Amino acid sequence: MSEVTSSLESLHVRRSTFSPLFTLAGALVITAFFTAAPWILAASWVSILSNFFILLIMATMWNLLAGYAGMVSIGQQGFVGLGAYATLYFAIKGMNPFAAIPFAIVTCAVLALPITYLLFRLRGGYFAVATWVVADSAMLIILSIALLGGGTGSYLPGLSSLSPTQLDHDTYLATWFVALAVVVATYLILRSRLGLVLSSLRDNETASRSAGAKVTATRRLIYVIAAAGCGAAGSVLAISQPFVQPGNAFNLNWAAEMLFVTMVGGLGTIEGPILGCVIFFVLQQTLQNYGAWYLIIFGSLAVAVALWQPRGLWGALRQKTHLELLPVGYRVRRSDGVETTSS
Amino acid sequence: MTWVNVVTQGVLIGGFYALFACGLSLMFGVMKVINLAHGDMAVVAAYAAVFLAPKLHVSQLWSFLVIVPLFALVGYLVQRTLFQRAIDRDPFTTLLVTFGLSVVIENLLLEIYSANGQSVSIGALIAKSWQVNSVIYVSYVSLVVLAVAVAVLAVLQLFLSKTGSGRLIRAVSDDHEAAQLCGANYKHVFGIAAAIAFATVALAGIAYGMTTEFMPTSGGINLLYAFEAVVIGGLGSLWGTLAGGVGIGVAQEIGAHINPAYQILAGNLLFLAVLAVRPRGLFGKRTSLNE
């Protein structure tokens, strides 16, 4: 112990293995590229990228929920659906659908808060299935509202003034900016004090509680944030269709995809869901003429990863190369060069 | 009299839900595993009754004689390989693995048998019913399913409380490490419990196929009902599961009577209400919800 104290000044604490300026420069280049994408890339690519970003939003939120706060939800499609329907509702009431995105996000967050008081009575697997019951109930309630198109769904009004090309561009930019905001927000959350509480919670909940961490309040906050994020995904999904239908908006496949993508990419890392989304879309585009086989193969891959490589592909890569593009932990190096890391 | 009929039909359906739920309840009780692929496995059993049984020269009505033992064997093997590996990691992994399995099974069935509805053909039996009075009809099939459910639950309860193997299962479910120290091979016991759970789910799946049309995606919604029955009844109580199943069935029938669109919602609302008022269920032990 005394040795540690005496050599405290010689300890070198940092987050990144390379200069943060590189991260910043890289982020700026990527941001510039994807913002300019509609003017650079072919229209078919732009529409694939829109879907890519919608899934990325969901996966990043699921990762925050499960990978950091330890809550396995298979009911996030409920908030995707509510986000889509909130957008539809505001659009029917005369609002521009793009302007309705933030309102849809707030609606989902407000709805999620009371739900936590029910769901948090259950843990583990029972929590997981209960989130599904809630999502199913939300869909059934929406189904019975005639204004929102009932079972057949409804076109999203308010987009007819835009030309098809203009609509595609705007839709793409909406998905891209929401995805960017969600990833950056998650990154900042994980680097903040809240992120520290989350990692202590993930590593040892009892120890975390006894150290004074407000575990339930933290979980509640994360659940509400994840609901808002999935609501945002649902909102841009509605605009990209632009048809809102209960079977699609509340589809269980959203939950499956966000879960698989996160598992394969790497649970509990920010880069993981991004990598997972890339693999998922490559597979989906390659197998697009073979029905549901992409989901069967990807699902089997996710099961295999969960069993043999629980930190996912990014986790495996990080273990080998010590590479971190978006570091959220700290690295401590002693004067003799030995380095320990936290993530 | 209409309401008596509504409740009667609810009880009949409730028996089916309980049959569906007892495997889920058993696997959670013994291995602490929530098998999210439970509903899909029932659907697989129903498809096996329609497509596999005729190949083995067994009529669809009697197909359970082949499929139930087959499922018990599959259950033992899946538990000893896939599920055991997941349990060895953590509860988190078992959830992800069973959910992944559920999605994979569902989409495989979709690719192989398409989304068309199927049903297990039982000949003229399907139309036969017992007319109690001018309003109440009780279909023979539903009555048989209810009787089978009660019989399965009774046998399971007797097996767990009276026999040596049952005691072993309960010992392992209480503390598998302590049971291991006393010489029990807990992994084998887990396998036995999974075999029983799979056998009951096969029975439930075939019964489901006999009473309604099913398709590859039918598994998920049935898992929800089964799960609701287990939670309402209280974890670890088999008779509670029956009560929960009947509760869900009656709630659904009452909902459907008010407006057909409210059938499933009424069951969900009963579940959420029980969760709000009495989270450990009707007959559950106090601490059983905390993993």
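Q: How many residues of chain A are in contact with chain B?
A: In this predicted model, the contact joins two sets of residues, one from each chain. On the chain B side there are 36 residues. On the chain A side the number is 37.

Q: Which element gives the largest share of the side of chain A that touches chain B?
A: The elements that give two or more residues to this side are α14 (293–308), α12 (252–265) and α6 (124–143) of chain A. The largest share amounts to 13 residues. The element that provides this share is α6(A).

Q: How many residues on the side of chain A that touches chain B are nonpolar?
A: Sorted by class, this side has three charged residues and seven polar ones. The nonpolar residues number 27.

Q: Is L237(A) buried or exposed?
A: L237(A) lies in helix α10 (residues 215–240) of chain A. A residue counts as buried if 20 or more other C-beta atoms lie within 10 Å of its own. L237(A) has 28 such atoms within 10 Å, so L237(A) is buried.

Q: How far apart in space are L237(A) and I54(A), C-alpha to C-alpha?
A: Leaving aside neighbours within four places in sequence, L237(A) is in contact with V80(A), A84(A) and I54(A). In sequence, L237(A) and I54(A) are 183 residues apart. In space, their C-alpha to C-alpha distance is 6.8 Å.

Q: Which element of chain A has the lowest mean pLDDT?
A: Chain A has a mean pLDDT of 88, with 95% of its residues at 70 or more. Among its elements, helix α4 (residues 77–92) of chain A has the highest mean, 96. The lowest mean, 48, belongs to helix α1 (residues 2–6) of chain A.

Note on methods. Residues numbered from 1 in each chain as written. Chains lettered and ligands numbered in written order. Predicted model: local features only at pLDDT ≥ 70, side-chain atom pairs only at ≥ 80, totals over all residues. Contact = placed C-beta atoms within 7 Å. Helix = DSSP H or I, 4+ residues; strand = E, 2+ residues; numbered from the N terminus. Nonpolar A, V, L, I, M, F, W, Y, C, P; charged D, E, K, R; others polar. pLDDT = per-residue confidence, 0-100. Buried ≥ 20, exposed ≤ 12 C-beta atoms within 10 Å, placed from the backbone.
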